[in-house]
Amino acid sequence: MSRTALVTGASSGIGAAVAGALAARGDKVYGTTRDPSRVADPLPGVEYLRLDLSDPSSVEECAAAAGGVDILVNNAGESQSGPIEELPMEAVERLFRVNVFSAVRLTQLILPGMRVRRYGRVVMVGSMLASFPLAYRSSYVASKAAIKGFASAARREVGPYGVGVTTVEPGSISTGIGTRRTSYIAEDSPFAGEYRTMLAALNANEVNGISADRVAATVLKAVDSPRPRPLYAVGSNAPVVFALRRLLPRTAVERMVSRRHGL
Ligand SMILES: NC(=O)c1ccc[n+]([C@@H]2O[C@H](COP(=O)([O-])OP(=O)(O)OC[C@H]3O[C@@H](n4cnc5c(N)ncnc54)[C@H](OP(=O)(O)O)[C@@H]3O)[C@@H](O)[C@H]2O)c1
């Protein structure tokens, strides 16, 4: 059956792959971007809507323009790095506006229609870093943990109405996000050496990561499941590292994450 989907951040990377996959199978797809006139590679079957998650009124306008939505994929996000001591609070607040509050608001605007129609799927695109916190990524880790928290708790509220809420945590995915990451480090930072080491490893992992299409396949698996699980993870050897996370002491997992990033 053809559904109507709204995929945020559909101009590149994971969002473009999800929007393309949903459109290719015949769903009506709205994809968002901050500037629809500048989408480099518009996808067939995807209608682009303007959405700037840093602007609360844009969220209201986007939801009104999309109308009734059966599948909401909250994918758009900012990737941010920096030692906690040196992250400007304006940057942290913007990150939470973009990655958390606006995604929550969009979900609030879309959910009532799903509940009344007794069908809906809401996918939060989180990050494996929320399950495996990494130094110098505290704001990003916290934003992805927050969005997962909203999703995990809301599941029981709307589940009885046929609405499945889930989080998909990608690992390292080769989308070029490393070139768009915001980075905050003081010129005379005592953390500069370690920070550069971590960033170089992070960027190398991303470049060597799996394709956005594989994440899109996981998102579609979640969407198509009659009862989506609370959490899906894909990339960065997810099945192995989540198994280790269940078996090993927390400090051992911390060391494992640090080592993977040269720390
Ligand atoms: N790539 C990875 O390794 C990885 C790993 C874990 C999690 N993730 C998460 O997966 C999601 C997609 O990442 P990606 O790698 O596909 O990144 P990407 O290629 O940089 O795409 C990000 C998308 O978000 C949109 N966006 C950025 N800031 C926005 C804002 N303020 N308001 C509205 N839209 C905004 C961009 O659209 P416009 O620029 O056109 O507005 C773009 O379509 C993100 O939430 C990211 O945190 C990625």
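Buried means under 20% relative accessible area, exposed means over 50%, and partly exposed is whatever falls in between, with a 1.4 Å probe and protein chains only. Keep that handy, and click along.

Before you start, note that this is a predicted model, where local features need pLDDT of at least 70 and side-chain atom pairs count only at pLDDT 80 or more, while totals for chains, interfaces and linings use all residues. Residues are numbered from 1 along each chain as its sequence is written, and side-chain values use heavy atoms, leaving out hydrogens and water.

**Stop 1: the annotated stretch**

Select residues 3-171. The UniProt record, an unreviewed entry, labels them "domain: Ketoreductase"; such annotations may be inferred rather than shown by experiment, and UniProt positions here follow the numbering used here, with feature names shortened. Over this range the chain is 46% helix and 21% strand, and its end C-alpha atoms lie 28 Å apart. Helices and strands are DSSP runs numbered from the N terminus (helices are H or I with at least four residues, strands are E with at least two).

**Stop 2: Phe-96 and Phe-101**

Now show the aromatic rings. Rings of Phe, Tyr and Trp (its six-membered ring) pair if their centres lie within 6.5 Å; planes under 30 degrees apart are stacked, over 60 edge-to-face, and the rest tilted. There are four aromatic pairs in the structure. One of them joins Phe-96 and Phe-101: this pair is tilted, at 6.3 Å centre to centre with 50 degrees between the planes. Phe-96 counts as buried because its relative accessibility is 19%, whereas Phe-101, at 41%, is partly exposed.

**Stop 3**

Move on to Tyr-136 and Tyr-195. Their ring centres are 5.9 Å apart and the planes meet at 75 degrees, so this pair is edge-to-face. It ties together distant parts of the chain, since Tyr-136 is in the loop between α4 (128-131) and α5 (138-158) and Tyr-195 is in helix α7 (residues 192-207), 59 residues apart.

Is Tyr-136 buried or exposed? It is buried, with a relative accessible area of 11%, and Tyr-195 is buried too. Check the backbone as well: Tyr-136 has a positive phi of about 70 degrees although it is not a glycine.

For another case, jump to Asn-237, which is also not a glycine and has a positive phi of about 55 degrees. Asn-237 sits in the loop between β9 (231-234) and α9 (238-247), and it is exposed, with a relative accessible area of 57%.

**Stop 4: charges over rings**

A charge sits over a ring if NZ of Lys or CZ of Arg is within 6 Å of the ring centre and within 35 degrees of the ring normal. Select Arg-229 and Tyr-232: the charged end of Arg-229 sits over the Tyr-232 ring, 4.3 Å from its centre.

Then go to Arg-115 in helix α3. Its charged end sits over the ring of Tyr-161, 5.9 Å from the centre. Arg-115 counts as partly exposed, at 35% relative accessibility. Arg-115 and Pro-160 are 45 residues apart in sequence but 8.9 Å apart in space, C-alpha to C-alpha.

**Stop 5: the largest cavity**

Cavities and pockets come from a 1 Å grid over the protein atoms alone: a cavity is a set of points where a 1.4 Å probe fits but cannot get out, a pocket is an open set with protein on both sides within 12 Å along at least five of seven lines, and lining residues have an atom within 4 Å of a point. Grid points are joined across faces, edges and corners, and the volume is the space filled by probe spheres set on them.

How many cavities of 30 Å³ or more does the structure hold? It holds one. The largest cavity has a volume of about 80 Å³. Among the residues lining it are Thr-8, Asn-74, Asn-99, Lys-144 and Ile-147. α3 (89-117) and α5 each give two or more residues to that lining, and α3 gives the most, with three.

**Stop 6: the second largest pocket**

Finish with Ser-131, Pro-133, Arg-250, Val-253 and Glu-254, the closest to the centre of the second largest pocket among its 14 lining residues. The space in this pocket is about 300 Å³. α10 gives the most to the lining, with five residues.
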